[in-house]
Amino acid sequence: MKKIITMLSLVLTTFAIADDAVIEKKLAKLNVHNMHISAAPIAGLRTIVSDEGVFYASEDGNYFLQGTLIKIDDNGKMRDLSNVALLDKLKAVEEKMIVFPAKEEKYVVTVFTDISCYYCRKFHHEIKDYNDQGITIRYLAFPREGVDSEIAQQMEAVWQSEDRNRAFTDAINDSIPKGVPTDTIKKHYVLGNQFGIHGTPAILLTNGEMMPGYVAAKDLRKILETRL
């Protein structure tokens with residue numbers, strides 16, 4: 001019996017690999033890069049995580065979906081499963097985050113930011129308010145003009161500083177360092193694109209939900225209390 005189950009498992013795995021190869025080949029023709037294909041939360045679909053974001057495909061590779069997959073629990077709480085598929089990628093850049101920790105931490109959010117963005121500056125000018133609400137802020141860079149822009153190079157200089165927190169605060173207050181070739185910022189920018197970010201600030205919650213735009217500290221605390 002064990003041999004039959006093992007053989008059946010191998011056959012199913014082989015079919016999955018074969019179908020994944022078809023999916024990968026088709027998406028490659030659409031300039032989708034660095035694909036990782038796995039089971040999707042919905043039967044009959046596969047999840048594709050790529051540099052261009054998250055896609056879903058039928059198991060035969062004939063149909064593709066791009067968009068947000070939402071799960072709603074019995075209490076009516078929503079979870080963005082498309083972004084959940086990307087959360088592990090945050091671990092690869094954690095050491096390069098600029099973190100402003102709350103002394104009495106209750107929540108952690110990751111904020112994609114741009115030092116030239118008005119509302120990003122407003123957000124950081126109120127960093128103490130967020131920390132006082134028990135919210136730790138982790139910054140990643142997302143230069144809106146792209147990774148080849150002057151702003152991206154200036155942000156790279158901030159992220160390469162010995163005291164990144166101070167350099168970031170100085171840059172927000174118009175003491176902007178001379179730009180250097182981008183490296184870290186490119187990784188942040190690719191990740192931001194995968195999450196589908198189009199503007200800053202963009203606030204990522206630990207459940208995968210992305211909140212576009214500025215949110216005041218007290219309002220953010222209320223949102224976190226209801227959604228996490």
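Mentor: Two strands pair if DSSP finds at least two bridges between them. Strands (E, at least two residues) and helices (H or I, at least four) are DSSP runs, numbered from the N terminus. This is a predicted model, in which local features need pLDDT of at least 70, side-chain atom pairs count only at pLDDT 80 or more, and totals for chains, interfaces and linings use all residues. Residues are numbered from 1 along each chain as its sequence is written, and side-chain values use heavy atoms, with hydrogens and water left out.

Trainee: How many bridges join strand β1 to β2?

Mentor: Strand β1 (residues 36–39) is joined to β2 by 4 bridges, and the two run antiparallel. A39 has R46 of β2 as its bridge partner. This hairpin has 5 residues between its strands, and G44 in the turn has a positive phi of about 90°.

Trainee: Why is strand β2 called mostly covered?

Mentor: Buried means under 20% relative accessible area (exposed is over 50%, partly exposed in between; 1.4 Å probe, protein chains only). In β2 (residues 45–50), 6 of 6 residues are buried. In a regular strand the side chains alternate between the two faces of the sheet. Here L45, T47 and V49 on one side and R46, I48 and S50 on the other are all buried, and both faces are covered.

Trainee: Why is α3 called oblique to α6?

Mentor: Helix α3 (residues 118–125) and helix α6 (residues 164–172) pack at about 125°, with axes 10 Å apart. Angles under 35 degrees count as roughly parallel, over 145 as roughly antiparallel, 65 to 115 as roughly perpendicular and the rest as oblique; therefore α3 is oblique to α6. The contact (heavy atoms within 4.5 Å) is made by C120, R121, H124 and H125 of α3 with F168, T169, A171 and I172 of α6.

Trainee: What makes β7 and β11 edge strands of the open sheet?

Mentor: The sheet has 5 strands in the order β7-β9-β8-β10-β11, with mixed pairing. β7 (98–100) and β11 (210–212) each have a single partner strand, so one side of each is left without a neighbour in the sheet.

Note on methods. Axes are lines fitted to C-alpha atoms, for helices over the stretch in contact, and angles run from 0 to 180 degrees between N-to-C directions.
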